[in-house]
Amino acid sequence: MTSVSVPVVAPAYDCRQVFAEELIALARADERVVAVCNDSVGSSNLVEFRNEFPDRLINVGIAEQDLVGVGAGLANGGLIPFVSAAGPFLTGRALEQIKADCAYSGHKVILCGQSPGMAYGELGPTHHSVEDLSWLRAIADLPVLVPTDRAQTRAAIRWAYAADGPCYLRIPRFRVPDTIPADALFEPGRAVTLREGSDVTIIAIGTMVSRALQAAEVLESEGVSARVINTPFVDPLDEDTVVRAAVETRGIVTVEEATISGGLGAAVASVVSQRHPVPMRLLGVNGFAPTGDAAYLLNHFGLTADGIHTAVVDVLESVGA
Amino acid sequence: MLTADTPTAARYRDARRALQGSEQDDVVRWLQSVSAEIRIKIIRMIDTAQLGHVGGDLSVTDILVTLFGAVLEVDPEDPRAPDRDRFILSKGHCAAALYSTLAWCGYFPEAELGSFMAPLSPLNGHPNRRKVPGVETNTGPLGHGFPVAVGCALAARLRGSASRTVVVLGDGEMQEGSNWEAAMTAGHYGLSSLTAIVDRNRLQQGARTEETKALEPLDAKWAAFGWEVRVVDGHDHAALLMALLPSATGRPVAVVANTIKGRGVSFMEDRVEWHHKVPTADQVRAAIEELSR
Ligand SMILES: Cc1ncc(C[n+]2csc(CCOP(=O)(O)OP(=O)(O)O)c2C)c(N)n1
């Protein structure tokens, strides 16, 4: 008789509750903290905030350009605005406000992209926020943060609150397990090494971190030692950790729930190609998604432990390993 | 890309032709029966998908049925005919209402409605022009359909085509600045072939429009932007038919259609939570029972 090992399924969490809790805690301690939304009180999980601070929730209605511009004005007036809206509309519709009113003008607006990536599933590509990393990484003076789990979401919100200028952060919705150690560093330009490894490196963010760790476990059982790095700051990126991975392992696979044209993969490739070229594979979203729920679409684009495993095998084969 | 269902399209053409000589009362009775049918289909689609925007679907149903049943000059078997009338549902989250109306016209087989939002279905949660005939542009982000409609109307003028353009907007959607940019453009160009209908159900996603960001006086706003304004009951097919007559002034026509979100299902009517709540099995039964009366 063979013994079947039952895989332990870790509990998974949506981080919107953490967002609400942190925001309320900050608002209790600092009366400059305000929330700004676009008819998204419910979807931004701001109901409790509104109940406690009715005057400090500004709802501009369905008007995202106004939303971000008003946020910049609030910052100018000495407040600390957390501007919260569904990621696609916040970043797509208000892109120029983000560039000119927030980043270029140096207004400290904390841009909170809700339901990021393909969390809106069946609502389709208009509602997917997969271009955000490419769009916003192209803007100067605007840190781009992709927290992974509950601890990192809390850390991102606290960092943004204390920072000198604006930033964009994704508020995770697709449920993932808690994977980032509680004592992990959270600083701009600093990566977290989640797993040491000497053959190959996987760099993952957000929803892809737990899947990268799963892939690394399978690889280990096959005799491949995979390093797993998480870069919650996609911009500014931890270049030194990336270069060290390029020097110490034989290839790099990046994985993100975003288009690969300008996000994490492109950022890593830019560093690697200029400082220490090694073969890479970039995993992400290619093209407009078909209809499907979020989990279905992640599978569709190969954004799974299996997909990562295949890319690792492929990159190692390319160097004859 | 889906393709036409020939028998249904033929039946649609025949029905449209038969209307020409009919009494207005008969036309209205027919439109009412079609509306009831469409509302039931919407409930079934949302029940199958376990997702959707039922409140806005039910408020816009009579508008869509009046347009496709008796106003728009379209041929479901030739959905890209150059001189067709253009229809754009700018409040794209109400795709279920649009899809069920398009299927009723024969743009694609009705059986397809069962795939609404299922993996790889052409019937996405928001309409896709590249997959669904009868869809003129991809909507979903609010505030996109209207400027595209202005472009369609300008193109018709430049090409010397008699094609009309009709766009349906949500009232909450009118908070988007892009709509007022489009309104100003159409007013400036005097695009009399363009009709913009506001589904004035007074609710948006999270609350009433007037509590969120007030739109009133909405008719005066349209007038100030150079539009001929008609305010009607958006569930009265006869009133809608009148309001959808061509411009009398050479200006574009704005129809403020007063509607009820969730119209036809008493427990959904005028209740904000039914923006995108999914009915339980019991509620589906009750809704269909009420709509079948
Ligand atoms: C640009 C943009 N912002 C926000 C949303 C999210 N959203 C979808 S429907 C909706 C409310 C729309 O209200 P209304 O236009 O009145 O439509 P109806 O009540 O008829 O459903 C919102 C805010 C969106 N789809 N697009």
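How much area is buried between chain A and chain B, and what share of it do carbon and sulfur atoms give? About 1900 Å² is buried between the two chains, and carbon and sulfur atoms give 50% of that area. Buried area here is the accessible area (1.4 Å probe) that two parts lose on being put together, summed over both.

This is a predicted model, in which local features need pLDDT of at least 70, side-chain atom pairs count only at pLDDT 80 or more, and totals for chains, interfaces and linings use all residues. Residues are numbered from 1 along each chain as its sequence is written, chains are lettered from A and ligands numbered from 1 in the order in which they are written, and side-chain values use heavy atoms, with hydrogens and water left out.

## Where the chains meet

On chain A, 23 residues are in contact with 30 residues of chain B. Contact means heavy atoms within 4.5 Å. Three residues stand out on the chain A side. A:Ile62, A:Arg93 and A:Thr291 supply 33% of the area that chain A buries against chain B, more than any other three residues.

Between chain A and chain B the count is 2 salt bridges. A salt bridge is a side-chain nitrogen of Lys or Arg within 4 Å of a carboxyl oxygen of Asp or Glu. Side chains of opposite charge can pair when their charged atoms come close. B:Glu176 and A:Arg93 form a salt bridge through their side chains, at 3.4 Å from N to O.

Polar contacts cross the interface too. The rule finds 17 residue pairs in polar contact between chain A and chain B, both residues being at pLDDT 80 or more. A polar contact is a pair of N or O atoms within 3.5 Å; within protein, one must be able to donate a hydrogen and the other to accept it, and residues adjacent in sequence count only if both atoms are side-chain atoms.

Helix 3 (64–76) and helix 4 (87–93) of chain A each supply at least two residues of the side that touches chain B. Helices (H or I, at least four residues) and strands (E, at least two) are DSSP runs, numbered from the N terminus. By class, that side of chain A has 9 nonpolar, 9 polar and 5 charged residues. Ala, Val, Leu, Ile, Met, Phe, Trp, Tyr, Cys and Pro count as nonpolar, Asp, Glu, Lys and Arg as charged, and the others, Gly among them, as polar.

## Annotated regions

UniProt, in an unreviewed entry, lists "domain: Transketolase-like pyrimidine-binding" at residues 13–178 of chain A. Over residues 13–178, chain A is 42% helix and 18% strand, with its end C-alpha atoms 7 Å apart. For chain B, UniProt places "domain: Transketolase N-terminal" (unreviewed entry) at residues 36–287. Over residues 36–287, chain B is 38% helix and 12% strand, and the end C-alpha atoms are 11 Å apart. UniProt positions are given in the numbering used here, feature names are shortened, and annotations may be inferred rather than shown by experiment.

A:Glu257 sits in strand 13 (residues 252–259) of chain A. A:Glu257 counts as buried because its relative accessibility is 4%. Buried means under 20% relative accessible area, exposed over 50%, partly exposed in between (1.4 Å probe, protein chains only). The side chain of A:Glu257 makes a polar contact of 2.6 Å with the side chain of A:Thr207. Not counting residues up to four places away in sequence, A:Glu257 touches residues including A:Met118, A:Arg170 and A:Leu303.

B:Ser90 lies in the loop between strand 1 (86–89) and helix 4 (95–105) of chain B. B:Ser90 is buried, with a relative accessible area of 0%. A polar contact of 2.7 Å joins the side chains of B:Ser90 and B:Glu173.

## Salt bridges within the chains

Over all chains the count comes to 36 salt bridges.

| Pair | N to O distance |
|---|---|
| A:Arg275 and A:Asp240 | 3.2 Å |
| B:Asp14 and B:Arg17 | 3.6 Å |
| B:Arg208 and B:Asp270 | 3.0 Å |

A:Arg275 lies in helix 10 (residues 264–275) and A:Asp240 in helix 9 (residues 239–248) of chain A, so the pair ties together parts that are 35 residues apart in sequence. B:Asp14 and B:Arg17 are about one helical turn apart, because 3 residues separate them in helix 1 (residues 6–19) of chain B. B:Arg17 is exposed at 53% relative accessible area, whereas B:Asp14 is partly exposed at 45%.

A network of salt bridges links B:Asp171, B:Arg200, B:Arg202, B:Glu210 and B:Glu216.
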